[in-house]
Amino acid sequence: MARVLVIDERDGLGDLLVSYLSDTHSVNACMRAPQSEDGFGGHLSGGYSGLIKEQGIDTVVYSPPLRAGEIDLEDAESVCRQCAGAGIEKFVLLSSAMVYGASPHNQGLLAETQPILSGGNRFARAWYKLEALAISFFGETSKISAELTILRPAAVLVPGSSEYFSRLFQARMAITLPGHDPTMQLLSPGDLAAAVRCVLESSKAGVYNVAPRRTITLRAALRQAGVKRVPFSRVAQRAIRRTLQATGLVRAIDQLEYIRYSWTISGKKISRELLFKPQHSSAEALAEFRRDAGGEIQPSLNQQALQHDFDDFGMDKNYIASFGRTLFKFLHDFYWRVEVKGLDLVPRQGRAVLVGIHRGFMPWDGVMALHVLVQKLDRYPRFLIHPGLIKFPFLFNYMTKLGGIVACQENGAYVLERDGMLGVFPEGIRGAFVRYRDAYKLGKFGRDEYVKMALRHRAPIVPFVTVGSAEIFPIIGKINWAWWKRNTEWPTFPITPTFPFLPPIPLPAKWHTQFLPAIHIEERYPPEAAGDPATVRAISLEVRNSMEEAVAEMLHRRKSIFYGSIFQDQPIYETAASERLSYESKVVYKERVS
């Protein structure tokens, strides 16, 4: 049985850790290290090393102290050296999920396998250095045979702590960024203590995220906590940086990235390996924090947040419904007069991969597809989007609240595993920047990742095409501008009749959208076919050709860019070529596996 020493300066968490760890069969004794104000550190002989030997400590749980919001790495190095010298058997480091950094490239619900980049923001680098320090003393390559476990909790709210989020939610007002309402995770100290207990009850070492049960948005959290939100532009905040340095508020500027972008983590690994189950949601952790900190909170807002089921990536169905009654309805029914065919071919339930083409450099074609599917079928497709679409204020809120999620295999799996509809534009962002003269020529479908996702998750592929969206922002020229590409992550600087010379108002072209027959690859191939490049390519070619033929037929029937129907009295478009490709792709797979 373990004898545990908890080294944590936060009274609200340190005492709680001792209480939780003392109440477990795997711990014989647990004590909290004396604090500096008790005369420990310089006046007691032996320091931590002497205390560990005197008390027979074999396990240390360590959380680094924060000095003015900064990690005290010197203290961390001293603690690690003394623990290593005393010959402890297990070292548990309480790190932070901040180590992953916050950027538009964070896809959300990050796993422990996410690469940690030493070149992240200042706070991410500090947590990275802390973990590297612990690994140098207790890792596999060190001379010490101690077992190292690193926990990366989401933001832990502790009354009286100098940690950024604890101060943020107990202040009267919070300086935030306009147009950014990221999804976040707030962890109860009790859940962190329970996670540490699970670590000590198991014999496993490694790195584990510690996440709460559910997420919350920044705006909802501030409203629940009764904190007045003061949006202030990032440019303006940087401009007064020197003034804020003198007042000690500079760390708020340095940590703005963590309330600018989402940086949620996944708790699957700790749940699977250590059987840890968080008991509190983010809203519950916040309510507990405000109560313990003696802060006032409006019961009605608190109850509303506790009952609301926040989406892990920030989608807001009320937000979609509001736009659906106003702007989207106007654009769909009156401005672009979108003519839709083939809705009866879209699955009413269950997982599916919706594959389209994107033109006009602004994501209106995806938005209109979302609108019609919500209004007619009550289905909410989650489109995979490029990180460049959430770098900008207001556009971040717009894309995330409509259900957009950063394009990656993990996010695609998240949608399909929940029997959702995944929206994909396989040409990638470059497809949106095609010159108008080539607008209706389909480009390369990238690495065909959408086919692999559909195969792995046994989902049908539903192609859809739109004629008319390329005309709202017809790209007549492009500039290969390095500064623009670096700061926006867009491939080129587009030139259209209304951009950048005039306000980017889309032209009132007539739209025609057609949903094509679903391709039920789940009936033709097993999930293992995703590993066969020839099969994947054959399926992608089948999808691409069916879309290309549909577009050609629609353009042939279109008489005007601004008015007229092309679907009147036209049967559902389905060609012999499509049937032939379906047969050929199936034959290719059979030949490959035989």
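Trainee: What should I know about the model before reading it?
Mentor: This is a predicted model, in which local features need pLDDT of at least 70 and side-chain atom pairs count only at pLDDT 80 or more, while totals for chains, interfaces and linings use all residues. Residues are numbered from 1 along each chain as its sequence is written, and side-chain values use heavy atoms, with hydrogens and water left out.

Trainee: How many helices and strands does the protein chain have?
Mentor: The protein chain has 22 helices and 23 strands. Helices (H or I, at least four residues) and strands (E, at least two) are DSSP runs, numbered from the N terminus.

Trainee: And what share of the residues counts as buried?
Mentor: Of the 594 residues, 56% count as buried. Buried means under 20% relative accessible area, exposed over 50%, and partly exposed in between, with a 1.4 Å probe and protein chains only.

Trainee: Let us turn to the sheet. What is the order of its seven strands?
Mentor: The order is E15-E23-E20-E16-E19-E17-E18, in an open sheet with mixed pairing. Two strands pair if DSSP finds at least two bridges between them.

Trainee: Why is one side of E15 and of E18 left without a neighbour in the sheet?
Mentor: Strand E15 (339-341) and E18 stand at the edges and each has a single partner strand, so one side of each lacks a neighbour in the sheet.

Trainee: Which strands pair with E16?
Mentor: E16 is joined to strand E19 (residues 421-424) by four bridges, and the two run parallel. With strand E20 (residues 461-467), E16 pairs over three bridges, also in the parallel sense. Leu 354 stands opposite Gly 423 in E19 and opposite Val 462 in E20. Val 353 has Ile 461 in E20 as its bridge partner.

Trainee: Are the faces of E16 covered or open?
Mentor: Both faces of E16 (residues 352-355) are covered. Ala 352 and Leu 354 lie on one side, Val 353 and Val 355 on the other, and all are buried. In a regular strand the side chains alternate between the two faces of the sheet.

Trainee: How many residues of E20 are buried?
Mentor: Seven of its seven residues are buried. Ile 461, Pro 463, Val 465 and Val 467 point one way from E20, whereas Val 462, Phe 464 and Thr 466 point the other way.

Trainee: What about E20 and E23?
Mentor: E20 and strand E23 (residues 512-515) run antiparallel and are joined by four bridges. Val 465 stands opposite Gln 514 in E23, and the bridge partner of Phe 464 there is Phe 515.

Trainee: Moving on to helices, which buried residues does H18 have?
Mentor: In helix H18 (residues 409-417), they are Asn 411, Gly 412, Ala 413, Tyr 414, Val 415 and Leu 416. After H18 comes Asp 419, whose phi is positive, near 55°.

Trainee: Finally, how many residues are in the largest nonpolar core?
Mentor: The largest nonpolar core has 94 residues. Such a core is a set of buried Ala, Val, Leu, Ile, Met, Phe, Trp, Tyr and Cys residues joined through side-chain atoms within 4.5 Å. Helix H4 (residues 122-138) gives the most to this core, with nine residues. Apart from it lies another core, of 47 residues, among them Leu 354, Leu 370, Leu 373 and Phe 493.
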